[in-house]
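Biologist: I am new to this structure. Could you take me through the terms used for it and say what each one rests on?

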Amino acid sequence: MIESPVPFSKAVLFDFDGVLVDTEWAIYQSWERVFRAHGHALPLDCFNQCLGSGYTHWNPADHLESLTGKTYDWETINAERQKRIHADLAHSGLMTGALELLNWCRKQALPLAVASSSSHRWVDGWLEKLGIRDRFVSVLCRDDGLPVKPDPALYVESARRLSLPPADCLVIEDSENGTTAAHRAGIPVIAVPNRITECANFELATCRVSSLHKVLELLQHSPLAR
């Protein structure tokens with residue numbers, strides 16, 4: 001469903017990677033370089049299998065080993081990948097439209113949360129760096145001991161921490177795994193694909209829009225703004 005009205009919501013739950021910060025392109029490029037160095041391509045539709053799930057449901061490392069029939073020193077490879085990722089993201093900021101959306105939610109007194117399959121070290125580090133950690137009542141990550149997306153647990157628990165039933169919340173997602181998690185949690189979800197996830201299947205989303213500016217437009221015309 002595209003550009004449809006969103007239901008009344010009492011809180012907004014954000015995914016992190018690819019929604020608040022454009023981290024996924026650098027992560028994809030780091031893996032694409034590894035695959036290319038070993039004679040294989042890494043198509044985006046293949047890589048999308050791991051987005052939002054923290055490599056729990058599909059791991060690029062396992063996939064490369066299955067393609068080549070070899071094993072690799074992943075500790076060394078991943079250390080180098082992390083260096084490149086941090087270098088590529090050194091000057092990154094919030095996604096276009098994110099600050100305006102966060103500011104509007106604050107004016108509406110809507111409680112906000114982050115639910116991510118990434119680690120607290122990664123997510124909290126970014127939120128602190130960008131000066132927006134205090135915008136969120138709850139930040140829930142994979143190291144909080146819950147199953148990651150597409151399991152609904154992170155979103156169910158995020159709603160519980162805000163003392164709201166899931167149906168009274170709204171999720172902003174960019175990945176198919178994350179959209180599936182929100183749907184399974186019984187939470188309306190706006191899908192905002194980016195250059196990595198635009199090829200994903202978002203048929204479970206309440207609606208799909210092209211940017212966070214479009215999300216803001218939808219919210220401004222939804223019942224919660226009245």
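Biologist: Which residues of helix H7 are buried?

Modeller: This is a predicted model. In helix H7 (residues 153-161), the buried residues are Ala153, Leu154, Tyr155, Glu157, Ser158 and Ala159. They are called buried because each has under 20% relative accessible area.

Biologist: What covers the buried residues of H7?

Modeller: The cover includes strands S1, S2, S3 (138-140) and S4, and also helix H8 (176-185). Elements count as cover here because they have heavy atoms within 4.5 Å. Just after H7, Ser163 has a positive phi of about 60°.

Biologist: Which way do the residues of S1 point, and are they buried or exposed?

Modeller: From strand S1 (residues 11-14), Ala11 and Leu13 point one way, while Val12 and Phe14 point the other way. All of them are buried.

Biologist: What makes S1 and S4 a pair?

Modeller: A pair needs at least two bridges. S1 and strand S4 (residues 169-173) have four bridges, so they pair, and they do so in the parallel sense. Val12 has Leu170 of S4 as its bridge partner.

Biologist: How many bridges join S1 to S2?

Modeller: Three, with strand S2 (residues 112-115) running parallel to S1. In S2, Ala113 stands opposite Leu13.

Biologist: Why are helices H1 and H3 called roughly parallel?

Modeller: The axes of H1 (residues 24-37) and H3 (residues 60-68) cross at roughly 15° and come within 11 Å. Angles under 35 degrees count as roughly parallel, so H1 and H3 are described that way. Their crossing is right-handed.

Biologist: Which residues make that contact?

Modeller: H1 contributes Trp31, Val34 and Phe35, and H3 contributes Pro60, Ala61, His63, Leu64 and Leu67. By class, seven are nonpolar, one is polar and none is charged.

Biologist: Why is H1 called oblique to H4?

Modeller: H1 and helix H4 (residues 74-88) pack at an angle of about 140°, with their axes 9 Å apart. Roughly antiparallel would require over 145 degrees, and roughly perpendicular covers 65 to 115, so H1 is oblique to H4. The crossing of H1 with H4 is right-handed.

Biologist: Which residues of H1 and H4 are in contact?

Modeller: From H1 they are Ala26, Ile27, Gln29, Ser30, Trp31, Arg33 and Val34. From H4 they are Trp74, Ile77, Asn78, Arg81, Arg84, Ile85 and Asp88. By class, the contact of H1 with H4 has seven nonpolar, three polar and four charged residues.

Notes:
Residues are numbered from 1 along each chain as its sequence is written. This is a predicted model: local features need pLDDT of at least 70, side-chain atom pairs count only at pLDDT 80 or more; totals for chains, interfaces and linings use all residues. Side-chain values use heavy atoms; hydrogens and water are left out. Axes are lines fitted to C-alpha atoms, for helices over the stretch in contact, and angles run from 0 to 180 degrees between N-to-C directions. Helices (H or I, at least four residues) and strands (E, at least two) are DSSP runs, numbered from the N terminus. A crossing is left-handed if the near helix is turned anticlockwise from the far one by less than a right angle, and right-handed if clockwise. Ala, Val, Leu, Ile, Met, Phe, Trp, Tyr, Cys and Pro count as nonpolar, Asp, Glu, Lys and Arg as charged, and the others, Gly among them, as polar. Buried means under 20% relative accessible area, exposed over 50%, partly exposed in between (1.4 Å probe, protein chains only).
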